[in-house]
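Please open the structure in your viewer and keep the sequence panel beside it.

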Amino acid sequence: MSNSSLFCLAFGIGTRNKKGEWLEVYYPAPSFKPLTAFSDTVSAILNYTGGNKTIELSPEIISDLILALKSEKNAEQLHVLETLKTSSCPLVACFLETDDVMTSTPEAYLKLHLLSLRHVKPNETNLEGIFALLPNVAWTSQGAIDISELNEAQLMARTRGEVLEVSSVDKFPKMTNYVVPSGVRIAHTARVRLGAYLGEGTTVMHEGFINFNAGTLGSGMVEGRISQGVTVGDGSDLGGSSSTAGTLSGGGNIVLSIGKDCLISANAGTGIPLGDRCIIEAGLYITPGTLVLVLDEDKNPVKKVKARELAGMPDMLFIRNSQTGVVECRTNRKSIQLNTALHAHN
Amino acid sequence: MSNSSLFCLAFGIGTRNKKGEWLEVYYPAPSFKPLTAFSDTVSAILNYTGGNKTIELSPEIISDLILALKSEKNAEQLHVLETLKTSSCPLVACFLETDDVMTSTPEAYLKLHLLSLRHVKPNETNLEGIFALLPNVAWTSQGAIDISELNEAQLMARTRGEVLEVSSVDKFPKMTNYVVPSGVRIAHTARVRLGAYLGEGTTVMHEGFINFNAGTLGSGMVEGRISQGVTVGDGSDLGGSSSTAGTLSGGGNIVLSIGKDCLISANAGTGIPLGDRCIIEAGLYITPGTLVLVLDEDKNPVKKVKARELAGMPDMLFIRNSQTGVVECRTNRKSIQLNTALHAHN
Amino acid sequence: MSNSSLFCLAFGIGTRNKKGEWLEVYYPAPSFKPLTAFSDTVSAILNYTGGNKTIELSPEIISDLILALKSEKNAEQLHVLETLKTSSCPLVACFLETDDVMTSTPEAYLKLHLLSLRHVKPNETNLEGIFALLPNVAWTSQGAIDISELNEAQLMARTRGEVLEVSSVDKFPKMTNYVVPSGVRIAHTARVRLGAYLGEGTTVMHEGFINFNAGTLGSGMVEGRISQGVTVGDGSDLGGSSSTAGTLSGGGNIVLSIGKDCLISANAGTGIPLGDRCIIEAGLYITPGTLVLVLDEDKNPVKKVKARELAGMPDMLFIRNSQTGVVECRTNRKSIQLNTALHAHN
């Protein structure tokens, strides 16, 4: 069997507001670059003829799909469809023929799933216009609720002696209510948005934060903030409250990346990309415009440059000299070793 | 119709502990400076004769209120009362004749609602003694529970195969379980207390925090902490983990305010009020006692002053010179532009 | 009645995955160093003959225990057993003869309870190997769920029109779903792990964090991060986003402690232990290797030392001189006074 020409095909279950507009869609098992047999079967039954499209599924159509997929022995998709079929919630099939620009809320949600499921890496998929496609939603103990319907829902809940817990009012939901990738720990899930990419062996502690289209490419300890578009290499450690300047807030147009085996210490931050094995000392923030005194291996001054000129270089150790106040870049001779007991995920 | 002399009148539904003491009250639609016709009608039925008072509502009384308000065509209050009437939870009418000192838990909750509903701004309402009026409460998936009743409630829940989720043990609840003002996003609601004031167009990211009696007066991006009493002007941006020193913790007696179009960068902080268009560079904390070298527009030294002498001035750019360690105040020539896509709330 | 030789005896109710492996255990009322009469009775009925052991409890055995304890008038344990008896969840008795190395998940959970219940202080109990004994668990609105069973649980919930809220994916649960000690406020409970030790009069604000085997020994205001192994003395204040370097991440092998009446200001941090009445100014991070200029009471330079040489000394005030960039250690002449209204817990 060969891969079909589709970028992705997924069955989902979602929520609509009282006007019938989509608020969100959950895709239990998106099929990324699906096999031809599977996508042809589904396309035929749903009369799909191409493009990026969302097609609503009736119980009858689902029965047809189940029947057709049974002969193909596609156990995973069969299980999803058989389970979804029992639901009275809105059901869809979402086809992405290409990674082209998105045009609907269900498509945007599928793109975010693909990132968190590790099918695509940050900055590798087209997310243009995603803010406009994601409605601002109240994420509650009763699921997604349209903001304009929230007050009434709370009043009704209170009248019943309950509380409608409103966990977030945001365009992006938390990742873990949609996807929990393998081999990770996320101490406090409210701080990882759907669309985050967490490499196997990543631990996100309580102070860690990962935006959509951002994350760790391998193992790592995240107690700092990974802004939109930022990636962190394998074996790196972001200390508590450490900061990476994203393009959305504050930063310029450079997309930041942190190399492998780096340590951004607690309360430190960077506005420039870093190569492998770099360290920033606790409490020091390197902005692109910071004038930095570069020292050689014997700690002799070599040159004075703006930090942006050091962007992406490896083996740098940044400190602020506590006797002169000068921000220095020395050569990092230590390698960072993550605590292995801490990083075991069983 | 003219405004009555009342400061506020509101119907609420609340929770009491097993001793009958109030834990909290939710007011779906407080009537701020209510019309005379409305407040006169309610006062007559409830025998209210003045002062700040909380009156419990029986189903019979609510029926009388509904009947009377029907002839007034007060649709909003009618809907609230008709819905509340179906509940077996404790119901109240809370009258605030004036903004005078509060004397009960229901009054304190009403004051906090008024802030979050934008009827009053931070520091404009009398909150004296509020800590003593707010009991410490366990905020749980079953609603508000008295701390002394919590262990038993958890044991009972576990025995049923459930978990009593205890989200907070605090005097203040999260705002969004009571009020979600229009035009805001709050990525992680646990960090915004009831009594916070969020201007239209405010985005509070995961790292943002807003205390009661504090907030944003217009649009803004909040990834830092807005302490009790602190206000932030329209168009300002508080970077990740940035800090504003409140009067409760650390600071002195000055109430801090941040002007319009300011940027407190990531991991920075201020202990002095700032005027419009000020910037503090990433990682720099300005305390009132920080000695600051003031430079003119050509970067020539002008004077050396304690930061508190610069309080409230506009167009300041604070940096720590990375070649000398000196904290400098330069003239800010850039204007901050918030990312408009990011701030669209649909 | 004399104390038995047992270290601890507790009845618990827990969760197992589909393979029958323990995910977690809740102990409503552990008996620390139990009286001989009680432990002898229980031991006899459960055929316990020594060692650290977990014994599962059938309804028949519980009935026997209840009968036996009735004659002893042990009201607290009787109430626990009578309540647990009604449950169909897995029930256990956990015996810790000594504080020796743990060998099972139920034992590990009991040790964590003992810390949060204030029976043992941080660093006073043997937690060796705890990471390996704690499975990584999805903490959800339906309780603890094995990671491998999570996707199916979410799919089933969504099909019913519900959302399975996944609050945390971690080896450690939040403390407050197990233990809420007396006299504390915890504004945001997701940031305090089971095994944290909170002294009476501790307020943990939204930005505060306390790891297991760490905490406050008395009253205190915690808006910063208390890392594993770190203790903070009575009356100390950790400002917003302040950091204490733990042994697990970043730090070396020294276990940090902070003395009484200290103030680690907002965005500051320490990598060295501090004695009583020390202050670190806002935004300053002291690492063990920071070169510090020590000044005498008249602010005259005395010596230049690495910060680690100042470890544990009292009455130090650390600042970075804003005119020279030099990190200085002055003598702290102010005493910190916590805001009493703020710290009243009613």
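**Before you start**

What you see is a predicted model, in which local features need pLDDT of at least 70 and side-chain atom pairs count only at pLDDT 80 or more, while totals for chains, interfaces and linings use all residues. Residues are numbered from 1 along each chain as its sequence is written, and chains are lettered from A and ligands numbered from 1 in the order in which they are written.

**Stop 1: the domains of chain A**

Colour chain A in three parts, with domain 1 at 8-134, domain 2 at 139-170 and domain 3 at 175-343; these bounds come from an automatic or database domain assignment. Taken over C-alpha atoms, the centres of domain 1 and domain 3 of chain A are separated by 35 Å. Between these two domains, 11 residues of domain 1 of chain A are in contact with 15 residues of domain 3 of chain A, where contact means that the C-beta atoms of two residues, placed from the backbone, lie within 7 Å. Helices here are DSSP runs of H or I with at least four residues, strands are DSSP runs of E with at least two, and both are numbered from the N terminus. That side of domain 1 of chain A consists of six nonpolar, three polar and two charged residues, with Ala, Val, Leu, Ile, Met, Phe, Trp, Tyr, Cys and Pro counted as nonpolar, Asp, Glu, Lys and Arg as charged, and the others, Gly among them, as polar.

**Stop 2: helix α4 of chain B**

Move to chain B and select its helix α4, residues 105-116, which has 12 residues and reaches 17 Å from its first C-alpha to its last, close to the 16 Å expected at 1.5 Å a residue; the expected span is 1.5 Å times one less than the number of residues. How many residues of α4(B) are buried? The count is 12 of the 12, so α4(B) is largely enclosed by the rest of the structure. A residue is called buried if 20 or more other C-beta atoms, placed from the backbone, lie within 10 Å of its own, exposed if 12 or fewer do, and partly exposed in between. The buried residues include Glu107(B), Lys111(B) and His113(B), along with Leu110(B) and Leu112(B). Just after the helix, click on Arg118(B), which takes a positive phi of about 70 degrees.

**Stop 3: the parallel sheets**

In chain A, show the four strands that form an open sheet in the order β10-β13-β16-β19, with parallel pairing; two strands pair if DSSP finds at least two bridges between them. Its edge strands are β10 (196-198) and β19 (257-258) of chain A, each of which pairs on one side only. Strand β10(A) and strand β13 of chain A (residues 214-216) pair in the parallel sense over three bridges, and there Tyr197(A) has Gly215(A) in β13(A) as its bridge partner.

In chain B, four strands likewise form an open parallel sheet in the order β10-β13-β16-β19. Here β10 (196-198) and β19 (257-258) of chain B stand at the edges with a single partner strand each, so one side of each is left without a neighbour in the sheet. Strand β16 of chain B (residues 231-232) is joined to β19(B) by two bridges, the two running parallel, and Val232(B) stands opposite Ile258(B) in β19(B).

**Stop 4: the copies and their contacts**
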